[in-house]
Amino acid sequence: MSRRVIWITGGSSGIGKAAVRKFAGAGDRVAFTFLHSEAAARALESETGAFAIRADVSDSAQVNRARDAILSRFGRIDVLVCAAGVAGKGLLMDQTDEAYDRIMNTNLFGTFAAIRAVLPCMIERRGGSIVTVSSMWGETGGACEALYSASKAGIIGLTRAVAKEVGSAGIRVNCISPGVIDTPMNADLSPEDVDSLVEETPLGRIGMAEEVAEAICFLAGEGAGFITGQVLPVNGGIVIG
């Protein structure tokens with residue numbers, strides 16, 4: 001059986017980087033897109049043998065060019081992981097139009113654009129798996145993170161709708177909803193904030209990017225063959241139900 005081809009957006013850091021390592025370590029052929037972290041992307045490319053492509057997911061033309069480059073090199077795309085994302089904190093009344101565009105265009109539009117880009121080739125092959133990355137704030141809402149929460153809630157709705165739309169073509173679409181994870185996105189949390197979140201988490205710690213990558217690989221794999229349209233929390237119990 002030929003090795004799967006995996007495309008991971010936002011693959012140069014955080015959860016995306018952990019997923020690149022996990023899939024590559026399992027013997028899959030991995031391509032990942034990145035935007036700003038050129039040095040980190042090239043180092044990961046060298047480490048894992050993955051194919052790194054610079055692309056801004058908020059620009060559909062760049063997303064389509066990345067897809068074409070992956071198809072040109074590998075001939076197909078079996079799994080898409082939408083891990084590209086940005087955060088933003090602050091009171092809603094202080095948020096600018098520019099902040100709205102940056103967060104929504106990267107998180108929600110970027111997920112939409114990547115899914116739209118891969119569907120034709122997956123439908124043609126009558127199979128594929130898509131894993132999106134939301135957040136616990138997409139499920140519950142987070143104070144001072146209204147735009148981020150809205151973008152991540154949109155990803156959940158998009159995931160469920162597309163799962164219904166393409167299930168008959170043998171394509172599964174699922175979502176990971178991480179809790180507080182030790183990634184660069186959360187590096188600005190103060191020690192006091194981290195301690196408070198740890199206290200709220202039944203497992204008594206924050207999560208690791210590698211643990212989220214494990215869940216992503218599960219949803220992308222054959223063991224999840226009868227799972228679609230679902231949201232899998234990876235949050236240590238901080239959100240239950």
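Trainee: What share of the contacts in the chain with a separation of 6 or more comes from residues 24 or more positions apart?

Mentor: Happy to start there, with the note that this is a predicted model, in which local features need pLDDT of at least 70, side-chain atom pairs count only at pLDDT 80 or more, and totals for chains, interfaces and linings use all residues. Residues are numbered from 1 along each chain as its sequence is written, and side-chain values use heavy atoms, with hydrogens and water left out. A contact means heavy atoms within 4.5 Å. Among contacts with a separation of 6 or more, the share from residues 24 or more positions apart is 68%.

Trainee: What radius of gyration does the chain have, and how does that agree with a compact globule?

Mentor: The radius is taken over C-alpha atoms, and the globule rule is 2.2 Å times the number of residues to the power 0.38. For 241 residues that rule gives a value near 18 Å, which agrees with the chain's own 17 Å.

Trainee: How many helices and strands are there in the chain?

Mentor: Both are DSSP runs numbered from the N terminus: helices are H or I with at least four residues, strands are E with at least two. Counted that way, the chain has eight helices and nine strands.

Trainee: Is cysteine 82 buried or exposed?

Mentor: The classes rest on relative accessible area with a 1.4 Å probe and protein chains only: buried is under 20%, exposed is over 50%, and partly exposed is in between. Across the chain, 49% of the 241 residues count as buried. Cysteine 82 has 2% relative accessibility, so this residue is buried.

Trainee: How far apart in space are isoleucine 227 and valine 173?

Mentor: Isoleucine 227 sits in the loop between α8 (209–220) and β9 (231–234), and is partly exposed at 26% relative accessible area. Its contacts, not counting residues up to four places away in sequence, are Arg172, Asn174, Phe218 and Leu219. Isoleucine 227 and valine 173 are 54 residues apart in sequence, and their C-alpha to C-alpha distance is 8.3 Å.

Trainee: What phi does arginine 126 have?

Mentor: Arginine 126 lies in the loop between α4 (97–125) and β5. At 54% relative accessibility, arginine 126 counts as exposed. Although this residue is not a glycine, its phi is positive, at about 60 degrees.

Trainee: Where does cysteine 144 lie?

Mentor: Cysteine 144 is not a glycine, yet has a positive phi of about 65 degrees. Cysteine 144 is partly exposed, with a relative accessible area of 39%. Its place is the loop between α5 (136–140) and α6 (146–166).
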